[in-house]
Amino acid sequence: MSVFAMPSLGPDMDTGKLIEWLVKPGDHVSRGDIVAVVETQKGAIEIEIFETGEVAELLAQPGQTLPVGTPMARLAGAGCGAIPAAAPDVPEHPSVTPPPPAPALASGPAPASPAARARAAELGLALDGITGSGPGGAVLLADVERQAAPTARPGLDMAEMRRAIAAAMTRSKRDIPHYYLAHEIDLQAAQDWLAATNAGRTPDRRLLMGALLVRAVVRALAKVPELNGQFQTAPYAPLPEIHCGLAIALRAGGLIAPAILNAQAMDTDAIMAAMRDLVARTRAGRLRNSELTRGTITISSLGERGVDALTGVIYPPQVALVGFGTPRLKPMVHDGTVQPRLAVTATLAADHRISDGRRGALFLAETDRLLQEPETL
């Protein structure tokens with residue numbers, strides 16, 4: 001027997017509100033299955049489980065706000081890495097009383113979770129007109145909210161998000177000795193290659209400059225691998241997997257930086273598809289906990305409506321953040337003459353406990369070199 005507890009979704013999270021269970025006692029779960037939806041300052045997050053077993057008992061009920069680490073369910077036959085069954089019982093807290101067993105997903109022509117069914121009835125929406133993202137195509141609460149207001153994130157409290165961002169960034173600047181570097185990169189070769197490549201593609205398959213920037217950063221980490229990882233306990237060790245966080249602006253304001261998992265195994269087309277998917281799910285409130293907790297480096301790009309450069313703050317426990325300003329036409333020397341060429345200012349904020357300016361400069365120079373040969377990315 002083991003315990004599934006309220007996970008931490010980042011250094012800025014102390015509690016989470018259980019919105020709905022997607023499993024019931026007796027269900028078999030496998031590593032990677034989505035078992036619950038939890039609301040945090042970042043909105044509604046789909047919670048994955050990282051062990052295999054059978055749901056023996058649900059200890060929390062929808063609507064409860066639980067501190068991080070609070071037991072939520074007991075699992076029978078769970079694999080290694082689970083919290084031992086001897087872990088403390090639910091702490092004394094007015095919002096954490098043991099619940100009755102949760103009802104199963106409703107069956108019928110449009111299967112839906114109880115919370116989704118109740119919300120759809122409240123909004124006057126027909127379940128059979130909503131595309132479900134749950135097990136077997138079941139309609140979840142997030143699906144109903146997305147149908148009702150496609151541009152809104154369910155349960156997102158902007159004041160609370162600002163508070164959480166401020167707390168995380170204050171902790172970062174206090175605890176991490178930052179150093180900063182900036183470098184101007186000629187993007188004209190990359191822009192010309194993109195134009196030629198996209199000319200023969202349908203709109204849904206066209207590449208954006210952002211995908212090339214992400215791919216170049218991921219490949220440059222092979223030259224300076226210490227910039228990729230999470231520094232939680234000494235001694236620090238870089239990670240071989242690159243989970244590349246993307247700073248995504250929400251339409252209502254605020255930023256979230258979920259990660260493209262295992263970006264080192266993706267080519268540019270795969271990264272472009274992953275970026276489209278991540279942006280859509282972020283703004284629809286359908287992120288997973290692994291995408292918020294496993295990031296090893298973050299990229300923040302100002303896109304086409306920003307300013308020339310940004311100086312980032314590292315998102316702990318990561319050790320580096322790469323920033324790209326707005327690409328602009330600038331007079332640059334190329335082949336011995338001054339020409340108007342597209343350029344961007346790339347910046348690096350890195351942890352001085354892990355690397356130094358010489359290594360950071362090598363990383364930015366490698367990113368630049370790779371962008372001069374876009375066809376090899």
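What share of the contacts in the chain with a separation of 6 or more is accounted for by residues 24 or more positions apart? In this predicted model, such residues account for 65% of those contacts, a contact being defined by heavy atoms within 4.5 Å. Residues are numbered from 1 along each chain as its sequence is written, and side-chain values rest on heavy atoms, with hydrogens and water left out. Local features require a pLDDT of at least 70 and side-chain atom pairs count only at pLDDT 80 or more, whereas totals for chains, interfaces and linings use all residues.

The secondary structure comprises eight helices and 19 strands; these are DSSP runs numbered from the N terminus, with helices (H or I) of at least four residues and strands (E) of at least two. Of the 377 residues in the chain, 48% are buried, where buried denotes under 20% relative accessible area, exposed over 50% and partly exposed the range in between (1.4 Å probe, protein chains only). The accessible surface of the chain comes to about 17000 Å², and 55% of this surface belongs to carbon and sulfur atoms. Accessible areas were computed by the Shrake-Rupley method with a 1.4 Å probe, and for residues only the protein chains shown count as cover.

Ten of the twelve residues of α5 are buried, so the helix is mostly covered. Among them are M209, A211, L212, L213 and V214.

Two helices pack against α5. The axes of α5 and helix α8 (residues 357-371) come within 9 Å and cross at roughly 130 degrees; axes are lines fitted to C-alpha atoms, for helices over the stretch in contact, and angles run from 0 to 180 degrees between N-to-C directions. The two helices are therefore oblique to each other, given that angles under 35 degrees count as roughly parallel, over 145 as roughly antiparallel, 65 to 115 as roughly perpendicular and the rest as oblique. On the α5 side the contact involves L212, L213, A216, V217, R219 and A220, which meet F363, E366, T367, L370 and L371 in α8.

With helix α6 (residues 268-284), α5 packs at an angle of about 115 degrees, the axes being 9 Å apart. This contact is made by G210, A211, L212, V214 and R215 of α5 and by T268, I271, M272 and M275 of α6. In helix α4 (residues 188-198), Q188, A190, L194, T197 and N198 are buried, and the buried residues of α4 pack against α5, α8 and the strands β10 (178-186), β18 (328-334) and β19 (337-351).

A320, in strand β17 (residues 320-324), is buried at 0% relative accessibility. Its C-alpha atom lies 7.1 Å from that of L348, 28 residues away in sequence. Leaving aside neighbours within four places in sequence, A320 is in contact with residues including L227, I297 and I314. T40 in strand β4 (residues 34-40) is likewise buried, with a relative accessible area of 9%. By contrast, T311, in the loop between β16 (297-301) and β17, is exposed, with a relative accessible area of 60%.
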